[in-house]
Amino acid sequence: MEWREFAESMALLARNLLAQDSVQGTLDEIVASAVRMVDGCDAAGILAVRKGRAVTLSACGDVVEASDRLQGELAEGPCFDLAGRQNGERVFRIADMRESQPNWPRFAAAARELDIGSMTGVLLYTHDEDFGALNLYSRRPGAFGKDIETAGWLLASHAAVALADARAIDQLEDAMKTRHAIGEAMGILMERHRMSEDDAFNVLRRISQQHNIKLRDVAQRVRTDRTDRTDRP
């Protein structure tokens, strides 16, 4: 993509981000835009690490969560290495994952199994023991040159603004858990009572309002009730 086209795309991205009504929506739009706008980018994600625990805040592409999980499990990888540098460097670029990566050999070996050919990323912020990174992936070695770093910086700047409040990590993680719990509870009601998705959600919401209980707690009770029934002889 020519830089003039890229600049126009960034202007459009800025408008799209302003239209989002949540931090999660903003992050999802950023990673989707990275795949759309950066030549050679097959997947993108935003990774947060809290005291050594990896949390995928947003992902576009199946490889993202697998890569993040590996870095968390192995406690090694380009994001961990980048955060630990003392020289202020905030960008990493792996031109060819097939080559030896002595700083994190276990991650590199596993990344090759995921068909990651090259990778680049930008550190978003550091706060106490927390940090985050915008990571771009390509199946092709040599996909990301020096000029790509400017595109990564621009995208990462938007992500950093969205995550300016360190509490956003906790809020997002809690929101993801809540969404999963509600979705599972809705599925249980739909299966058990043969109701539609809308009807199942309305049942959960009505119980929440009538008994002044958080929607997530109502969903958890439905899930627990199903487990109890399954365990009964």
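Before the numbers, one definition: the axes I mention are lines fitted to C-alpha atoms, for helices over the stretch in contact, and angles run from 0 to 180 degrees between N-to-C directions. Also, please keep in mind that this is a predicted model.

Start with helix H3, residues 62-74, and helix H5, residues 105-113. Their axes come within 10 Å and cross at roughly 155°. Angles over 145 degrees count as roughly antiparallel, and H3 and H5 are therefore roughly antiparallel to each other. The crossing of the two, H3 and H5, is right-handed.

Which residues of H3 and H5 meet? On the H3 side they are Ser67, Leu70, Gln71 and Leu74, and on the H5 side Arg106, Phe107, Ala110 and Ala111. Sorted by class, this contact of H3 with H5 has five nonpolar residues, two polar and one charged.

Staying on H3, look at glutamate 73, which lies in that helix. Is glutamate 73 buried or exposed? Its relative accessibility is 60%, so glutamate 73 counts as exposed, the cut-off being over 50%. The C-alpha atoms of glutamate 73 and phenylalanine 107 are separated by 9.6 Å, with the two residues 34 apart along the chain.

Last, helix H2, residues 23-37. At 1.5 Å a residue, its 15 residues should span 21 Å, and the end C-alpha atoms are 21 Å apart, which agrees. As for burial, the buried residues of H2 are Gln24, Gly25, Thr26, Leu27, Glu29, Ile30, Val31, Ser33, Ala34 and Met37.

That's what I have; questions are welcome.

Definitions and conventions
Residues are numbered from 1 along each chain as its sequence is written. This is a predicted model: local features need pLDDT of at least 70, side-chain atom pairs count only at pLDDT 80 or more; totals for chains, interfaces and linings use all residues. Side-chain values use heavy atoms; hydrogens and water are left out. Helices (H or I, at least four residues) and strands (E, at least two) are DSSP runs, numbered from the N terminus. Angles under 35 degrees count as roughly parallel, over 145 as roughly antiparallel, 65 to 115 as roughly perpendicular and the rest as oblique. A crossing is left-handed if the near helix is turned anticlockwise from the far one by less than a right angle, and right-handed if clockwise. Contact means heavy atoms within 4.5 Å. Ala, Val, Leu, Ile, Met, Phe, Trp, Tyr, Cys and Pro count as nonpolar, Asp, Glu, Lys and Arg as charged, and the others, Gly among them, as polar. The expected span of a helix is 1.5 Å times one less than its number of residues. Buried means under 20% relative accessible area, exposed over 50%, partly exposed in between (1.4 Å probe, protein chains only).
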